[in-house]
Amino acid sequence: MGCPWQPRSLESNFRAHADWGYVPRESATMDEPVSSQPGESAAEEVQAEAEEVEEPPRGFLEEINCPEPGIIDRQMIETAYLEEGQKGEARRLHQLEPVVYDRITTMRLEFKNILRIDHLWMMPNLTKLCLNCNKIEVIEHLEMLTALKDLNLSFNYITRIENLEALVNLEKLSLFSNRIRKIENIHTLQNLVILSIGNNLIDTVEGIERLRFMSSLKVFNLEGNPIAKQPDFPLSLYVTAILPQLNYYEYVFIKAETREEAQKRFYRELREIEDKQEREIQGLETEAREMAEADRLASSFVEHLDGQQLYDSLWRDDGNGRILMLVGAPAQELCEEYSKDVYELTQQIYRLGLERFGERDEEIRDFNANLHEGQEELQAQGQKQIEEFLQYKERTFDEMRLKWRELDQRDDDLEELQAQLDTLTAHFEDALNEMWESLMAQELHLHEAVEDSTHNFNRKISDLMANFVEQAQVTFQQLRDLCSHFADNMTDIVNQFLSTKLMRNELNAIPEELMQCVDDREAVLQLVEGMRTSHTSRVDEREDRLAQRSRQFIDDMIMNLNNKEVDRHRAKILEINSFMEMMTEALGNLPGELHQEAPSD
């Protein structure tokens with residue numbers, strides 16, 4: 001049997017509610033996995049969640065309760081985290097916990113009058129982010145949230161889909177009720193399962209075919225867009241035909257007979273899209289292979305040395321060489337031998353570069369692996385220490401609560417109870433300071449160890465690179481010698497050519513460009529020297545580029561390592577100090593909490 005309600009009308013109901021002054025939460029924020037079976041429709045789960053909360057209209061919030069328009073900042077994030085869903089004792093304990101940004105996996109910032117997205121990089125392990133019902137105009141500053149799986153940007157003022165490429169683990173994306181006019185920049189999200197772009201300004205099917213590249217996409221919604229309201233164009237059938245991977249459209253399960261009807265109705269369009277997609281895939285695969293090879297060669301510093309590229313560059317802008325080549329067959333034969341010799345030497349540099357790249361890449365991987373292992377080890381050690389301290393804190397606070405209650409209830413021996421409380425407080429403060437010193441010592445030790453390791457790594461990788469450059473320079477010198485040898489041989493060939501023509505009185509057979517050399521043999525030497533200088537300068541340029549890029553590679557890599565470590569170190573210091581402040585604040589708030597509990601006792 002089918003569902004007792006009609007899921008097709010779900011987001012239509014949202015608009016109806018909005019007309020009456022209510023804006024429910026948008027349906028694509030469901031948390032349960034999507035089922036591919038009709039009887040287990042994902043739409044049922046969506047509606048269940050959507051109907052749980054009926055939120056006030058945006059206008060009401062803007063006029064009465066809504067905060068001033070602003071940008072997401074640290075204070076907003078901390079407030080939202082500390083005020084999230086728990087109630088009673090669980091809420092109180094939650095608010096006593098330190099805000100450790102690395103542990104935050106869910107963040108709800110709804111109805112905050114947010115204009116711009118920022119500071120979310122502080123929560124790199126975020127998996128669910130709700131920014132619906134704000135005033136956001138641009139999707140931005142999300143590139144650090146690579147763990148994100150659920151993103152809700154519905155009910156905003158967004159005009160363009162962009163800056164989502166880094167969200168490689170995203171599974172649910174809601175852009176319902178924005179101002180988007182075009183489907184674009186989504187097809188790279190290969191793990192996306194649910195996509196809602198309903199109630200926007202999309203008036204064209206352009207971009208829908210790009211979603212064919214998203215094999216994981218199962219739920220798609222375009223309801224409420226101008227393209228969905230055209231009476232002579234069945235959008236649901238078009239989407240069903242073009243996107244065979246879908247199980248639900250507008251939260252209605254796609255039946256086999258509906259899919260068959262859609263494919264018949266849009267047979268021609270489907271064939272054209274499939275042909276175009278096949279050509280595009282082939283082109284992308286070829287491009288990917290070429291780019292991968294280009295990156296490999298560039299990382300080896302021997303790009304454009306795998307063929308005749310260097311030899312061809314020797315003759316670029318070489319007017320003197322072209323004049324000398326006019327002597328004919330002897331010069332051509334010499335040039336062919338020259339080409340083979342240059343190619344052989346460039347191949348030596350090419351193979352050397354690839355070989356040294358492998359050694360260097362292995363060294364870099366080992367360094368990064370050891371660095372990560374050391375950081376993880378100390379992180380685990382510090383985490384264990386914090387957890388043990390939190391257990392000690394709970395025991396101490398429980399004991400202090402008992403003493404405070406006893407102090408409130410007794411009229412005698414108050415000084416003794418107060419002394420016991422002072423002792424407990426002093427012991428807690430001492431333990432807190434000891435933990436701070438221990439955590440800071442661990443962090444400083446790690447920071448210094450990373451700096452030392454980076455310094456040693458810099459020295460080792462520099463030695464490897466210097467060895468590679470020195471070996472390459474030997475071959476480059478051989479190339480320069482080859483250029484000179486070719487120039488000397490060309491001098492002999494040109495002089496012999498001119499002498500033969502003069503002896504046979506065949507002046508008409510001498511090319512016009514070489515006539516100046518008939519009476520002035522120094523002109524031959526000038527042409528040859530010009531060619532030699534041009535060719536050797538090309539070799540020098542390629543050698544200099546290899547040396548400079550190798551040095552730049554090391555400088556950039558070490559600078560990035562140092563900057564990354566500085567950022568990590570600062571963040572860790574901030575986290576430790578924030579924890580200390582939280583514990584100190586919890587200790588100071590303890591008497592006030594007991595006084596607030598007194599009436600209920």
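Predicted model: local features only at pLDDT ≥ 70, side-chain atom pairs only at ≥ 80, totals over all residues.
Colleague: How many helices and strands does the chain have?

Modeller: The chain has 14 helices and 10 strands. Of its 601 residues, 43% are buried.

Colleague: On to confidence. What does the chain average in pLDDT?

Modeller: The average is 83, and 85% of the residues score at least 70. Then look at the elements. Helix 1, residues 10-19, has the lowest mean pLDDT, 36. Strand 5, residues 150-152, has the highest, 96.

Colleague: Where does pLDDT stay under 50?

Modeller: Over residues 1-65. The model still has 128 contacts beyond four places in sequence for that stretch.

Colleague: Now the packing. Which residues have the most contacts inside the largest nonpolar core?

Modeller: Ile 197 and Phe 220, in a core of 88 residues. Several helices give two or more residues to this core: helix 4 (74-82), helix 6 (235-242), helix 8 (267-300), helix 11 (329-409), helix 12 (414-503) and helix 14 (521-597). There is also a second, separate core. It has 60 residues, including Cys 335, Ile 349, Ala 523 and Val 524.

Colleague: Back to Phe 220. What does it touch, leaving out residues up to four places away in sequence?

Modeller: Among its contacts are Ile 183, Leu 195, Ile 197 and Leu 211. Further along the chain, Phe 220 touches Val 239, Leu 243, Leu 246, Tyr 248, Tyr 249 and Glu 250. Val 239 is one of the buried residues of helix 6.

Colleague: Is helix 6 mostly covered or mostly uncovered?

Modeller: Mostly covered. Of its 8 residues, 7 are buried. They are Leu 235, Leu 237, Tyr 238, Val 239, Thr 240, Ala 241 and Ile 242. These pack against strand 8 (219-221), strand 9 (248-249), helix 7 (256-265) and helix 8.

Colleague: Sheets next. What is the general idea, and what order do the strands of the open sheet have?

Modeller: Strands of a sheet pair through backbone hydrogen bonds, either parallel or antiparallel. Here 8 strands form an open sheet in the order 2-4-5-6-7-8-9-10, with mixed pairing.

Colleague: Which are the edge strands?

Modeller: Strand 2 (106-108) and strand 10 (252-253), each pairing on one side only. The partner of strand 2 is strand 4, residues 128-130; they pair in the parallel sense over 3 bridges.

Colleague: Is Ser 177 buried or exposed?

Modeller: Buried, because its relative accessible area is 17% and the cut-off for buried is under 20%.

Colleague: Cysteines. How many disulfides does a search of the whole structure find?

Modeller: The search finds 0 disulfides. Take Cys 133. The nearest cysteine sulfur, that of Cys 130, is 9.9 Å away, whereas a disulfide needs the sulfur atoms within 2.5 Å. Cys 133 is buried, at 7% relative accessible area. Cys 517 is buried too, at 0%.

Colleague: One polar case. Which side chain makes a polar contact with that of His 569?

Modeller: That of Glu 443, at 2.8 Å. His 569 is in helix 14. It counts as buried because its relative accessibility is 13%. Beyond four places in sequence, His 569 touches Glu 443, Leu 444 and His 447.

Notes
Residues numbered from 1 in each chain as written. Heavy atoms only, no water. Core = buried A, V, L, I, M, F, W, Y, C linked by side-chain atoms within 4.5 Å. Buried < 20%, exposed > 50% of the residue type's maximum accessible area, 1.4 Å probe, protein only. Helix = DSSP H or I, 4+ residues; strand = E, 2+ residues; numbered from the N terminus. Contact = heavy atoms within 4.5 Å. Pairing = 2+ DSSP bridges. pLDDT = per-residue confidence, 0-100. Polar contact = N/O pair within 3.5 Å; in protein donor to acceptor, adjacent residues only side chain to side chain.
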